[in-house]
Amino acid sequence: MNLTRKRSLALSAIVIPIFTLISPSVPAHADAGSAIAPESWALVTSKHPHRAHYVPYEPTWDGDDDAVVGRTNQPKNITRAFFQVKVSSLAAKRVFRAGLSLGIRDGSDCDTQIEVWETTAIGPRTTWKRQPRWLRKLSTTTPELICPSVMGISHSVTQAVQDAAARGDEYLTIGLKSADESVAGRRLYRTTSVRENSGPALITRYNTAPDVPSELSVGHGCQGPAAGPDVGTSTPSLRATATDPDDETSAEVLRVRFEWADASGAKLGESVSPESSSLSPHCVTVPAGQLTDGGKYTWRARTENAYRTENPDGTGWLEGWDHSSWTSWQPEFTVDTTKPSQPLVSSTDFPQGQVGGRVGLPGTFTLSPNGSPDVAAYSFSFSTGQSGKVAASADGSAVLTYTPTLTFPATLTVSSVDRAGNQGPATAYTFRPAPAAPPTVSSAVYPPDVPGGGVGVPGEFVFGVNGVDDATTFRYRLESSPEQNVAVGEDGTATVTITPTRAGVNRLTVITLNAAGVRLGTKTYTFTVGAA
């Protein structure tokens, strides 16, 4: 045997997720598992009490060492083996069961019982004379049904792993020795990868406490946007997203527990969301009768994770719930179920019940809270089709701009919306926009009062905006001929040439349009075409 010999293994000290390495049963609720390769192993022998055989594992392995455990009489020799595993990844986990999995090589005495112990750490100077301390016996193997075995045989170390996880230990060292070292017999444990067996590994089944809830919000129901500090219902919904560190290795069953309290911190109630394995938000609704209008409240939440796994002694199931820490108490919210007053509406541009303003020309309405102290916005709609919301200023008022497109009577309907989202009764405001001044039309060839020109005789017509400065286009049509457009010139006029095709009275319709295409004013120009 070499002194302090260094070898390597296909399994480095990593954690490999597993699902059925220990128990073939499928749990109704989630638990997770891992296979952790040792970082090193050591062998001590009574025949060479000062000789060290310490093997740190590395990414590749080309040796053929066995971890020999037991006694031989010819020559007389007792050997013991130790495996050191990094278990820091299991810190704070609920470990259900754990076993050191080792393959058994041909030539082993399969009836030899092996004791499995927790020991202190090993190192390059570990020898028979400098063995680690044997702390406690964890289990004793029984004659194996399958021996020798390429596949790993589990040696129970559950209690040691549970304690190490609870303490947050970085390493655990497991020692193997014959149950009766006065009797010849030994086992040859594989320390290499062989076919289906990936080498020595600490096989665990565990559950990790879930994460503290995130994305917390209060809302009107479980869907929709979050409410602000003012909530317009005495039965708000409390919402949070639940996640679990084990989600990548198993389908976790999660729920969220919510607690709510008044401003003094006195707990008023609690509720638990339905169990779910998805990442959708969890939600509960505060029952009626617990919160009152004007009251201030706070709340918190924690995630709970179901586990269910087969009992290591085969007597049934281990099941229960692990939970995260509570979130901090959330910022206070105020219940406000009082609707705001009917708003006041006024306009100098569009006086109520009168003709005012004009088509195509913007005008404004002033919206006032009428004594309500917490108006945040106004919801409005015009009978002509426009609708929306306008935010209120600090004093609760708002200015709404409107550009009429029709000269028919119109109604503006407005209601106040407070900070909690309560919408009050509506105010209806009726008005009627005036049309714009009609365009002017003139023609020297075809005047309006006497016959002029003739069939087939071209004539110039001059259009004018008549003071309507926002007019950009003249649209005109002679009798039933197709409509045509001409741009308004810089001087507010446009000149077109028209050739009548029939004698007698002709009608020319001219419309002014603004840049948005709104009809502003209309003029019908009647003239008489003389005989050819």
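User: What handedness does the link of C222 and C283 have?
Analyst: The C222–C283 link is left-handed, with -80° about the S-S bond. Keep in mind that this is a predicted model, where local features need pLDDT of at least 70, side-chain atom pairs count only at pLDDT 80 or more, and totals for chains, interfaces and linings use all residues. Residues are numbered from 1 along each chain as its sequence is written, and side-chain values use heavy atoms, with hydrogens and water left out.

User: OK, and how far apart are the sulfur atoms of C222 and C283?
Analyst: They sit 2.0 Å apart, and the pair forms a disulfide (a pair of cysteine sulfur atoms within 2.5 Å).

User: Is C283 buried or exposed?
Analyst: C283 is buried, with a relative accessible area of 13%. C222 counts as partly exposed, at 35% relative accessibility. The cut-offs are under 20% relative accessible area for buried, over 50% for exposed and in between for partly exposed, with a 1.4 Å probe and protein chains only.

User: How many disulfides does a search of the whole structure find?
Analyst: One disulfide.

User: Switching to charges: how many salt bridges does the whole-structure search find?
Analyst: That search gives 20 salt bridges, each being a side-chain nitrogen of Lys or Arg within 4 Å of a carboxyl oxygen of Asp or Glu. Side chains of opposite charge can pair when their charged atoms come close.

User: What about E181 and R80?
Analyst: Their side chains meet in a salt bridge, 2.7 Å from N to O. E181 lies in the loop between β11 (171–178) and β12 (185–190) and R80 in strand β6 (residues 76–86), so this pair ties together parts 101 residues apart in sequence.

User: And why do E181 and R80 count as buried?
Analyst: E181 counts as buried because its relative accessibility is 17%. R80 does too, because its relative accessible area is 11%.

User: Next one: where do R255 and E304 lie?
Analyst: R255 lies in strand β17 (residues 253–262) and E304 in strand β20 (residues 296–310), so the pair ties together parts 49 residues apart in sequence. Their side chains meet in a salt bridge at 2.6 Å, N to O. R255 is buried at 16% relative accessibility, and E304 is buried at 2%.

User: Which residues are linked in a network of salt bridges with R255 and E304?
Analyst: The network also takes in R257, E259, K267, E270, R300 and R302.

User: Last topic: where does G456 lie?
Analyst: G456 is in the loop between β31 (440–442) and β32 (459–464). At 46% relative accessibility, G456 counts as partly exposed.

User: What is G456 in contact with, leaving aside its neighbours within four places in sequence?
Analyst: T499 and P500, where contact means heavy atoms within 4.5 Å. The C-alpha atoms of G456 and P500 are separated by 5.8 Å, though these residues are 44 apart along the chain.

How values were computed. Helix = DSSP H or I, 4+ residues; strand = E, 2+ residues; numbered from the N terminus.
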